[in-house]
Amino acid sequence: MEEKRIGVYVCWCGTNIAMMVDVKDVSKEMEKLPGVVLAKNYKYMCSDPGQDMIIKDIKKYNLDRIVVAACSPRIHEITFRNALENAGLNPYMLQMANISEQDSWVHTDRIEATRKAKSLVAAAIRRVIHHKPLKKRIVNVHPNTLIIGGGVAGMSAALELSEAGKKSFLIEKSDQLGGTAAKLKLSFPYLNDVVNDISNLIKRVEKSEHIQVILNAEVQEIHGFIGNFNGIVKTTDEKEYSIEFGNTIVATGLKSFDAGKLKNYGYWKYSEVITSIEFELLVKQGVVVNKKGIVPENIAIIHCAGSRNENYNNYCSRTCCMSALKYANQLRNLLPDANIFEMYADMRTFGRGCEELYTSTSRKGIMFLMFDQRAELPLIKEDERGNGVVIEFKELLSGEEIQVPADLVILMVGMEAHENAKSVSHLSGISMDSNGFFIEKHPKLDPVATTTDGVYVVGSCQAPKDIPDSVSQAKAAVARILATILRGTVEVEVTTAEINADICCGCQFCISVCPYGANSFDAANDVSVVNEVLCKGCGTCATACPSGAISTKHFTDEQILSQIEGLMAKVHELEELETN
Amino acid sequence: MSKDPTIVAFLCNWCSYTGADLAGTSRMKYNSNIRVIRVMCSGRIGPTFVLKAFREGADGVLICGCHPGDCHYHEGNYKCLRRFHLLQKYVSQLGMDKDRIRLEWISASEGKEFAELVNNFSNKIKEIGKSKVRKTMEEWT
Amino acid sequence: MDATKNNKSKLKLAIYWGAACGGCCVSVLDVHEHLYDIVAAADLVFWPIALDTKYKDVEAMEDDFIDITLFNGAVRNSENEHMAHLLRQKSKILVAYGSCAHLGGIPGLANLSDKKELFNRVYLESESTMNSEQIFPQTKTEVKEGILELPEFYNDVRALNQVTDVDFYIPGCPPTSDRLLEVFTAIVSGSELPPKGSVIGAQMKPLCDECERKKSDKKQVKKFLRPWEVIDDGETCFIEQGLICLGPATRAGCGYRCIKGNAPCRGCYGPTPDIIDPGAKMMSAIATAIDSNDPDEILEIIDSIEDPAGTFYRVSVPAALFRKKIVENNVEVKIT
């Protein structure tokens with residue numbers, strides 16, 4: 001084995017790592033390991049000076065491999081790979097050791113955390129010895145885009161692409177465009193009529209020569225990878241479309257919380273109790289009556305229905321407080337003499353114009369009552385006098401148990417992920433969180449991309465959102481997509497499977513194992529072959545291969561096994577040091 | 001403490017490793033005797049890695065993947081599940097406590113669950129005791 | 001033939017057996033009339049099965065006196081170990097010949113038990129044994145004529161390279177005579193030897209490469225069967241019929257003798273290159289082929305794999321990462 005020249009860089013991350021890990025001790029000890037030419041520690045490795053240090057060292061000391069002990073590779077692997085590339089080194093000659101998220105932040109004993117860091121870095125050093133330069137693969141980008149979901153987010157994306165003269169397929173499950181926003185009458189905080197806005201949006205979409213709208217349709221299959229997807233769209237009348245596209249936007253929207261699940265509110269029991277969605281329909285029709293057809297005198301708007309409560313959904317749905325204030329205004333206009341009660345848990349009115357709406361609403365003779373949504377929810381009972389219902393709860397501001405009569409109760413139901421989120425996630429290869437919302441690539445720095453290249457998430461399928469946020473996200477995704485279309489090419493996964501034809505015996509264990517159909521049998525040569533373009537590098541086939549003919553680039557047996565050796569060698573060395 | 005058992009964990013990149021990162025960004029605290037190796041998918045994890053970890057002195061091996069149905073690569077976690085059960089049967093035959101190998105599903109949002117799992121598994125391994133695999137294999141008797 | 005006479009023009013060849021069944025020595029005889037070619041090119045200086053050369057004759061040889069030693073059999077006791085060291089010292093090239101010397105072989109299955117369990121079974125519990133005095137073999141026994149000695153029986157069986165330095169490996173249970181002749185001819189003809197540590201007389205590719213049974217990508221199994229449970233159609237891949245065949249993980253070179261005899265491969269030619277554990281890859285492949293995603297059903301299907309250790313490591317327990325039984329507190333060991 002020719003000599004390796006490894007540079008090791010231990011990051012302080014300010015105090016994030018340094019307060020719990022003795023970074024100087026770690027770098028000092030790493031210097032002693034075979035192949036390590038130098039080991040340094042520095043305050044912020046990811047900063048420009050930090051990266052410059054690596055680049056200069058690579059050139060000055062002729063380093064051929066780099067280990068960076070810092071945060072998760074999921075955050076900064078790309079950063080450091082770029083640094084290697086800038087220094088003329090293949091970016092895959094890098095290995096990171098995660099001593100922040102998986103060490104300094106989760107442990108409380110400095111000695112133990114330091115010991116762990118040493119073991120993780122030693123493992124990275126052993127691993128990087130076996131790294132091999134990998135060649136970038138560049139593919140062309142198909143200029144069309146698939147957009148799943150014809151709500152505000154999906155339509156905004158389609159129009160933005162259309163502005164640039166790029167074609168999109170806008171697939172809508174229902175028989176009309178508009179999504180949830182099409183059910184609304186006014187938008188908050190300025191109480192603008194949103195009906196016209198949405199119908200104008202729909203008109204523009206329908207008029208665009210670059211947008212092919214397919215209604216009553218669902219995407220059945222998506223194959224391929226960034227730049228080169230193909231898929232099948234099927235309508236309810238069994239019409240099938242075979243389409244090709246370079247990028248995918250998932251804009252499948254939301255579903256309302258099922259109010260029937262709330263034990264205390266008797267949604268199915270009392271005709272006085274309706275959901276916010278039903279209320280929107282009433283105001284759109286211009287007549288506010290309860291299910292008995294009676295014009296209400298006492299109206300209660302209950303916030304957080306199904307939200308922020310451990311029995312239902314833990315999260316805040318973000319838009320309901322503002323909608324509830326909007327309803328109070330709408331009701332005050334329609335029924336000037338009615339008593340209106342806003343029963344809220346916490347009033348969340350962030351964003352421009354929102355707190356102002358709260359203030360102005362509170363001056364319109366609306367009664368604001370506070371309850372604790374984390375304890376027992378308000379209880380809706382039948383009014384013994386036969387006048388609708390009574391809402392019973394402890395009012396937090398006064399500290400009193402109160403009873404509020406109501407002949408209309410509006411439950412501000414939260415947003416939930418669509419029931420088809422799971423199939424969409426499988427279809428497009430993106431992940432969901434435990435609530436069924438799609439997960440973005442990075443919560444702060446990459447909020448519209450996903451971990452599957454070429455697939456973007458916009459609107460409420462990613463998390464509860466209002467209209468402007470959905471529109472912004474849609475346009476951001478389009479900006480990302482247009483960049484790839486404009487460039488015409490993208491880099492794709494290089495850490496694919498690889499079959500050694502000198503070992504492969506054609507047993508075909510690897511064929512059905514692959515979820516992407518990337519492996520096939522070459523009967524003429526009696527070996528399996530990988531289509532690297534289809535392979536996503538999961539490595540399942542390499543582990544299923546009985547002969548060891550298949551390896552996964554950058555995750556080879558040799559690399560992982562030496563990482564295990566490195567981890568444990570350091571554990572034993574430190575243990576022995578202590579016992580002696 | 002160094003007398004604590006050592007756990008080697010294999011985590012899939014998309015769910016479990018992300019979940020472990022989330023435990024970190026949420027500043028959850030858990031036992032420091034765990035050493036994580038990242039792979040892209042739990043479907044990459046096979047008996048060789050697990051046996052090797054014990055051979056090198058691990059006292060427990062934790063394997064985590066995405067929840068059933070949520071695998072980033074569709075079904076890698078099921079492949080892992082099948083291998084895990086056969087491997088458990090094999091190591092039992094050699095006299096090792098099969099509970100030294102554990103397979104759990106951790107999603108990208110389950111930072112808290114990951115932290116709890118590490119502590120829970122770590123306690124379990126403490127209960128079983130230090131592994132004798134490395135010493136046994138190095139002794140020629 | 002004078003075994004110790006130094007004849008410079010001829011190679012000096014030794015063949016020894018450790019813990020072996022004798023089949024490897026017979027495989028040398030199985031070259032039939034080619035034995036004349038062998039003895040024309042080489043003097044056999046030591047071969048317990050055929051010659052009367054004594055250990056002390058070997059001890060008297062100069063170091064490196066023997067050109068090639070084919071050592072078959074595993075190392076099970078102190079005698080085997082002594083001879084392994086001695087032959088190493090006296091030989092220029094030491095070849096681990098056959099599965100037992102290569103990977104531990106069938107005797108290596110004893111590593112799933114320990115010495116105590118084996119002795120109890122053999123000397124106390126076996127159905128044909130009457131040993132009320134509980135007499136076990138002793139390394140030294142005093143009788144009136146003096147002291148009788150027996151080799152010490154070790155707790156674990158070892159492959160040859162776990163005892164001494166090995167130059168080459170010729171796998172097989174036993175190696176085929178054809179492969180032996182090829183290797184021998186190559187050495188005699190002065191061909192360049194492969195790098196030290198190489199497996200010779202076997203292919204890089206696994207057995208499936210040679211196997212003529214029909215294979216497809218349908219490697220999905222609902223129940224694993226033992227050979228007696230299947231009426232073999234004689235032409236379909238064994239694995240696709242639910243049988244565990246180690247062919248995909250085992251080097252070719254044997255001429256797929258077992259398959260031709262309608263028996264699945266047991267892995268005697270050993271794993272393909274660069275494999276650090278001889279059974280784990282096949283175990284992984286077989287597990288992957290389980291046709292279920294349901295945890296209970298998976299367990300049920302695994303139940304049909306009677307003896308994973310004995311199946312995937314039939315001839316290679318001592319060469320495995322887990323090369324012998326582990327004694328843990330509170331774990332009952334089941335020997336199958």
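# Notebook: chains A, B and C of a predicted model

**Entry 1. Chain A as a whole**

I began with the contacts in chain A between residues at least 6 apart in sequence, and I noted that 69% of them join residues at least 24 apart. I record here that the model is predicted. Chain A has 580 residues, of which 51% count as buried. I listed 15 helices and 30 strands in this chain. The C-alpha trace of chain A spans about 90 × 60 × 40 Å along its principal axes.

I then looked up the domains. Chain A is divided into domain 1 (6-136 + 554-579), domain 2 (145-253 + 418-490), domain 3 (257-414) and domain 4 (495-553). Taken over C-alpha atoms, the centres of domain 2 and domain 4 of chain A are separated by 34 Å.

I asked how many of the residues of strand 3 (residues 65-70) of chain A are buried. I found that 6 of its 6 residues are buried, and the strand is mostly covered.

Strand 1 (residues 6-11) of chain A pairs with strand 3 of chain A in the parallel sense, over 5 bridges. Strand 3 of chain A also runs parallel to strand 4 (residues 94-98) of chain A, and 5 bridges join these two. I used Val68(A) to follow the pairing across: Tyr9(A) stands opposite Val68(A), and Met96(A) in strand 4 of chain A is the bridge partner of Val68(A).

**Entry 2. An open sheet in chain A**

I turned to an open sheet of 3 strands in chain A, with the order 11-12-13 and antiparallel pairing. Which strands stand at the edges? They are strand 11 (217-225) and strand 13 (240-245) of chain A; each has a single partner strand, so one side of each is left without a neighbour in the sheet. On average, and with direction ignored, neighbouring strands of this sheet are turned by 20° against each other.

I examined one pair in detail. Strand 11 of chain A and strand 12 (residues 228-235) of chain A are joined by 8 bridges in the antiparallel sense. I noted one example, in which His223(A) has Asn230(A) of strand 12 of chain A as its bridge partner.

**Entry 3. Two helices of chain A**

As a general rule, two packed helices are described by the angle between their axes and the distance between the axes. I looked up both for helix 1 (residues 23-30) and helix 5 (residues 110-128) of chain A, whose axes come within 10 Å and cross at roughly 35°. The crossing of helix 1 of chain A past helix 5 of chain A is right-handed.

I also recorded the residues that meet. Helix 1 of chain A brings Asp25(A), Val26(A), Glu29(A) and Met30(A), and helix 5 of chain A brings Thr114(A), Ala117(A), Lys118(A), Val121(A) and Ile125(A). By class, this contact has 5 nonpolar, 1 polar and 3 charged residues.

**Entry 4. One residue, Leu334(A)**

Leu334(A) lies in helix 9 (residues 320-334) of chain A. Is Leu334(A) buried, exposed or partly exposed? I counted it as partly exposed, because it has 14 C-beta neighbours inside 10 Å, while a buried residue needs 20 or more and an exposed one has 12 or fewer. The C-alpha atoms of Leu334(A) and Ser307(A) are separated by 28 Å, and these residues are 27 apart along the chain.

**Entry 5. Where the chains meet**

The contact between chain A and chain B takes 49 residues from chain A and 46 residues from chain B. Helix 1 of chain B gives the largest share of the side of chain B that touches chain A, with 6 residues. By class, that side has 19 nonpolar, 16 polar and 11 charged residues.

Chain C also meets chain B, with 34 residues of chain C in contact with 29 residues of chain B. On the side of chain C that touches chain B, helix 9 of chain C gives the most, 6 residues. That side of chain C divides into 20 nonpolar, 6 polar and 8 charged residues.

Key
Residues numbered from 1 in each chain as written. Chains lettered and ligands numbered in written order. Predicted model: local features only at pLDDT ≥ 70, side-chain atom pairs only at ≥ 80, totals over all residues. Domains from an automatic or database assignment. Contact = placed C-beta atoms within 7 Å. Helix = DSSP H or I, 4+ residues; strand = E, 2+ residues; numbered from the N terminus. Nonpolar A, V, L, I, M, F, W, Y, C, P; charged D, E, K, R; others polar. Axes fitted to C-alpha atoms, helices over the stretch in contact; angles between N-to-C directions. Left-handed = near helix turned anticlockwise from the far one by under 90°. Pairing = 2+ DSSP bridges.
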